[in-house]
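Please look over the structure below before reading on. The notes that follow take it point by point.

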Amino acid sequence: MAEAKPKQESSILWRRLVEQTEYALKCGALQSIPTNYEFVEQGGVRFLVRILTNLVRKDAAKSSEKKDKNFNPFLPYEEDLFVADISQTHVCLLNKFNVVEHHLLIVTRDFVEQESWLDLADFQAMWLVLAEIDGLAFYNSGRVAGASQRHKHLQLVALPLVDDEIDFPIAPLLKTAKFEAGVGIIPDLPFVHAIAKFDPSGINSPDLAAEMTLKCYLNLQKAVGLLNDVEEISDRPNGAYNLLATREWMMIVPRSQEFFQGISINSLGFAGALLVKNQEQKQLLVETGPLNILTAVAKPRNF
């Protein structure tokens with residue numbers, strides 16, 4: 001297991017995450033999916049491409065879940081995967097079939113549809129976790145966006161994603177974002193997206209940070225066409241999307257489809273981290289180009 005980053009060693013939640021990971025691995029509750037990884041460059045980005053080496057566990061679990069359409073792994077959740085009570089509305093669990101080490105799920109205690117709007121309680125929970133763990137939070141808003149469960153849950157992985165000089169592949173592009181009225185666009189990204197900057201000191205006041213984040217979230221949704229009017233919110237967004245957030249920024253990407261020729265894309269793909277099942281899919285990714293694949297499953301920008 002990789003060593004915890006020094007700045008997180010004092011975090012109670014980080015220690016709980018590490019301890020529970022070790023315990024869950026020993027008792028078999030946590031069934032990590034082994035991968036190898038390579039880098040594929042396109043458009044000035046070194047995309048991280050993980051290649052699965054064993055899908056037997058996850059495929060067997062998914063097969064059993066399909067037999068019961070009402071199966072919900074979060075109600076009740078496996079006690080051996082429990083990490084912490086993060087708030088009155090959310091708990092933190094380990095991702096049972098994790099590919100990335102130290103992968104947390106931020107799950108609503110009560111059932112809420114994954115395609116629902118994120119709300120203040122969701123962002124409060126997100127910031128409570130970000131305050132203790134320097135990570136990348138993300139949300140897949142339904143199956144088209146890569147979600148595998150209907151029960152509402154955000155996710156968070158610790159940074160950096162791998163032992164590299166940057167936290168995640170698209171990080172350098174964030175410095176090139178052009179902003180207007182608080183909404184930013186990265187010129188070199190060919191798909192529709194919108195970005196907002198955060199004040200990193202928000203980790204000192206999760207409640208205030210959550211209120212600010214909710215406003216940014218709605219403004220970004222409007223900017224990408226998933227919300228008609230921030231004053232008149234419908235039951236759910238006008239389409240699927242992926243959300244990524246750190247202590248310093250948030251990005252939303254509208255989705256048009258989940259797969260590109262069998263390759264499933266979720267939020268991590270738009271951070272520059274992609275997952276393929278085998279060498280054939282990796283070769284397809286190399287030949288097509290990661291940015292072209294992301295654009296195909298998102299929506300192309302009109303330049």
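**Notes on the model**

1. Start with Q261. Q261 is exposed, at 59% relative accessible area. Here buried means under 20% relative accessible area, exposed over 50%, and partly exposed in between, with a 1.4 Å probe and protein chains only. Q261 is not a glycine, yet its phi is positive, about 50°. Q261 sits in the loop between β13 (259-260) and β14 (263-264). Helices (H or I, at least four residues) and strands (E, at least two) are DSSP runs, numbered from the N terminus.

2. A word on the basis. This is a predicted model, in which local features need pLDDT of at least 70 and side-chain atom pairs count only at pLDDT 80 or more, while totals for chains, interfaces and linings use all residues. Residues are numbered from 1 along each chain as its sequence is written, and side-chain values use heavy atoms, with hydrogens and water left out.

3. H102 is the next residue to check. H102 also is not a glycine, and its phi is positive at about 60°. The loop between β4 (90-94) and β5 (103-108) holds H102. Is H102 buried or exposed? H102 is buried, with a relative accessible area of 7%.

4. H102 also belongs to a cavity lining. The structure holds 1 cavity of 30 Å³ or more. The largest cavity has a volume of about 30 Å³. On a 1 Å grid over the protein atoms alone, a cavity is a set of points where a 1.4 Å probe fits but cannot get out; lining residues have an atom within 4 Å of a point. Grid points are joined across faces, edges and corners, and the volume is the space filled by probe spheres set on the points.

5. Which residues line the largest cavity? They are T21, L30, L94, N95, N98, H102 and H103. The lining divides into 2 nonpolar, 5 polar and no charged residues. In this count Ala, Val, Leu, Ile, Met, Phe, Trp, Tyr, Cys and Pro are nonpolar, Asp, Glu, Lys and Arg are charged, and the others, Gly among them, are polar.

6. T21 links the cavity to a helix. T21 lines the largest cavity and is found in helix α1. T21 is buried, with a relative accessible area of 5%. A polar atom of the T21 side chain lies 2.7 Å from the backbone oxygen of L17. A polar contact is a pair of N or O atoms within 3.5 Å; within protein, one must be able to donate a hydrogen and the other to accept it, and residues adjacent in sequence count only if both atoms are side-chain atoms.

7. Now α1 as a whole. Helix α1 covers residues 12-27, 16 residues in total. From first C-alpha to last, α1 reaches 22 Å, close to the 22 Å expected at 1.5 Å a residue. The expected span is 1.5 Å times one less than the number of residues. At the start of α1, a side-chain oxygen of S11 comes to within 3.3 Å of the backbone nitrogen of L13. Just after α1, G28 has a positive phi of about 90°.

8. What does α1 pack against? Its buried residues are L13, W14, L17, V18, Q20, T21 and A24. They pack against β3 (82-85), β4, β5, α3 (120-130) and β7 (153-158). Contact means heavy atoms within 4.5 Å.

9. Helix α5 spans residues 206-223 and has 18 residues. Its reach is 25 Å from first C-alpha to last, close to the 26 Å expected. Buried residues of α5 include P206, A209, A210 and T213. The buried residues of α5 pack against α3, β9 (183-185), β10 (194-197), β11 (241-245) and β12 (249-254).

10. G225 follows α5, with a positive phi near 90°. G225 lies in the loop between α5 and β11. G225 is partly exposed, with a relative accessible area of 44%.

11. Two cis peptide bonds deserve a look. One joins L75 and P76, with omega about -5°. P76 is in the loop between α2 (56-66) and β3. Another joins L159 and P160, with omega about 0°. P160 is in the loop between β7 and α4 (171-174).

Terms used: On a 1 Å grid over the protein atoms alone, a cavity is a set of points where a 1.4 Å probe fits but cannot get out, and a pocket is an open set with protein on both sides within 12 Å along at least five of seven lines; lining residues have an atom within 4 Å of a point.
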